[in-house]
Structure formats: C-alpha cells, structure tokens
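User: Here is a model I would like to go through. Please tie each label to its definition.

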Amino acid sequence: MTTAQHSPKTISLRSARRASLAGGVGTLIEYYDFSVYGFLTLTIGPLFFPSDNPTVSTLSALAVFASSYLIRPLGGWFFSRLGDRRGRRTALIATIVMMGVACGMMGLLPTYGQIGVAATIAIIVVRLAQGFAAGGEIGGAATYIAELAPPGKRGFYGSTVSMGSTLGFAVAAGVVGLVRLLVPADQMATWGWRIPFLLSLVLTLVCLQARLRVEESPQFQELAEKAAIVRSPMLAALRSHPVSVARVAGLAIAFNGTGYFGVAYFAIFLQEEGFSATGVAWTSALCIALATFTYPWAGKLTDRYDRKPILLASYVIFAVIAWPVFALLIAATSLWAVGAVYLVFMFFTGWAQVPTWPLATELFPASVRYSGIAIGYNLGVIIGGITPLVAAALVAGTGSRTSPVYWILAVALIGVIAVARLPKTAAKPLPA
C-alpha cells in the first residue's frame, strides 16, 4: 500500500476548517433528524402501535427505531459508491437532502387512529428511508474531513464528526424538551410531537448551504485525474481489505453499543423510573452537549498518543462503570444527581467514538475509503444500534433494571478484540 502527503493547498487551515465545519454541521443535522424519534418514543408508540399494554407499544416503537439500522448497509453501499465514484461532496449533499425530506415527512404522517394500519406501515417506510440516508452520512463526513485535514491532526479535525453526531442527539433532546415545555400535555400527543420533525426542514436548508460551498476532496480529484476510480469500490474493499472492514465493524459495535445508552436509552429508562419527560429531555440535552465540548480534546489525545491506547482505555472504563452507573441512576431522586452520572458516562463516549473515525480513514486507500468505512460501520451499527431495544427487552424479560449492564460488557469486549492487534496509524499520512 502506498502513501502520499497532501499538497500545501490541501492542508491549508481554511480548507481544513471549512471541511470540518461542513462535515460536523451536516452530521449534527443528520443525527438530529434520526434521533428525534428516539426522544419521542413514549409519545409515538401509542399513536402508531396502539396496545392495552404500554410496554408493548414502547417495544414496538423501539423495534422500528432498530429496524432503520437494518437498511443502513444498503444506504451505505449506494452513497459510498456515489462518493467513491462521483465525489465525496456529491454524496454528502445527497444524504442530507434525503434525510431532511424523510424527517419532514415523519412530522406529517397521519396516526393509527386516523388511517389504521396504513399509519404503522407508513412510519416504518419513513424510518427505513432515514436509515438509508444515514447509512451514507457519517462515513462520508469522516472521509471528507480526513482527506483535507493537516497531517498529524486528523483526530482533532475529525472530532467534529463525533461532535456533530452526538450534538445532534443533544439538539433533538433540547427541542423535544422545549416543545414539551411550551405545548400543553394533552396536546403533545395530538400535534405537539410533530414540531421537532418539521423543524428539520429548516435545519436541512442551513446544512445544504454549508455543503454547497465546500470544495471536492483533493485526494478524490487526484483519483479522477489519474483515471484510478474503482468500478465497484465496495467489492474491492471487501476483497482487498477484509480485516479492516471487520475492524471498523467491531469499533462500530463497541462505541454505538455503549454510546446509545447515553444518547437514546437513558431518556426512556429515566422516564420509566418516574422522572418527568420534560426534565429528562433537558437533562439529556445539557449533559450530552457539555460532554461533546470535550471531544476535540479527545481528538488531540488520539493524535498525540495514537488511536489504540485511547480506545482501549474507553472500553475498560465502560466495563468498570457500567453497573455503578445503573445503580446510581436507579437510586437517584433528583435530576441533579442523574445529570452528574449522565455527564460522566457521556464524557467517556468521546474516548470511544472520536478515535474511531480517523482510524477508520487510515485503514483504507482513497479509492475505496468511503466504501470500506461505510460497509464496516453500517454492519457494526446494526448490532450497536439495537442497544435501546435490547436494553428495554432485558429489563422486561429479567425484571432486573441493571440487566443492560451485560450488553455494555459484551460490546466493550468486542471493541477490545477489534483493536487488540492494531498498528500505529496517527502519525502516518493517509494511504493514497
């Protein structure tokens, strides 16, 4: 495998900053669109999956949340092929438009009470469309930012990918909390739940403007000029780099399988523990947002000490704190106590997530980079993304509120295996 340093133009601070901003903001909006559903699960469940048993409605709604991950590999294939053959910029514009339109449609759907089972089918179709778009987003953003980042600073500049995806959950939580605060409780299930979805149309226009202003990746331009574009990039990635694809899948399982407790499941868990939905939404938003501001620091750590030690530390820490976190959340009687625990948990998600993206870009050559990351990540995120459903099912099946701890231990172990034989990559130039 050959490597090449970028030209001075490629690594100019202006280009790097613009790429980092466009990638981060786009990922933020993409994950806002994707995660609003999670924060409204307890409201949406009875509207689209009515049942005499509230737990059945919740589990059904969470199953639809999880089902959107099953379509992500297909979306990853489509958009990564577009990105590796037509350009990173083109693919990233397409993903954000599709996600924004799908999220807006979610806010316009009639409910089960209005059109019966057709509403259930419609919400599944729209969630699948969101999953399809999400399959091409974050891997493309990571690829684009890494290809314009200065050498030795891919972790720092690439941290905006993790900041964007995680802040997307925070913004979603904050918007849902604000809507719950302003909309009368009896109107929330009537029309209030639609507002956060419809707001995504405005956010999409903001992101689209940012992405239309960025230049194409110089590494992709070099491939095009040399006629070195691969005809079937995903097949080429699977054939030539199967270990790297498997490693990215393992990393995706590990950081999603732990991180989704903080960005999705804790909100449901705490409401079922008796905390108000509004209070939980604001606590989630604040803690997630505060934690993400430490992510650039995590990026600097991973640039200085390499990816492996930071990743291993995160997995070990999650294994150690998993049970105490649940025990403290169960024992907590105030949202201040909940917030303290929540913030600590979210702080370490940065250690698991931030190094993953620059590392993933360093495992593949430019011709298949977008595709290699997309297939690995989207296969892994199927397992990591079902975390809220698995956690809720474990509690319902065992009767133990701390039973989700076993899931955290399992995915942390997978992460350790994924990086066990990882070489140093941070100081090296991106493969050409």
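Analyst: UniProt lists residues 19-427 as "domain: Major facilitator superfamily (MFS) profile", in an unreviewed entry. Such annotations may be inferred rather than shown by experiment. This is a predicted model, where local features need pLDDT of at least 70, side-chain atom pairs count only at pLDDT 80 or more, and totals for chains, interfaces and linings use all residues. Residues are numbered from 1 along each chain as its sequence is written, and side-chain values use heavy atoms, without hydrogens and water.

User: What makes up the span of residues 19-427, helix or strand?

Analyst: The span is 83% helix and 0% strand. Its end C-alpha atoms lie 21 Å apart. The chain has 22 helices and zero strands. Helices are DSSP runs of H or I with at least four residues; strands are runs of E with at least two.

User: Why is L328 called partly exposed?

Analyst: Buried means under 20% relative accessible area, exposed over 50%, and partly exposed in between (1.4 Å probe, protein chains only). L328 has 48%, so it is partly exposed. L328 lies in helix α17, residues 307-331.

User: How much of the chain is buried?

Analyst: Buried residues make up 60% of the 432.
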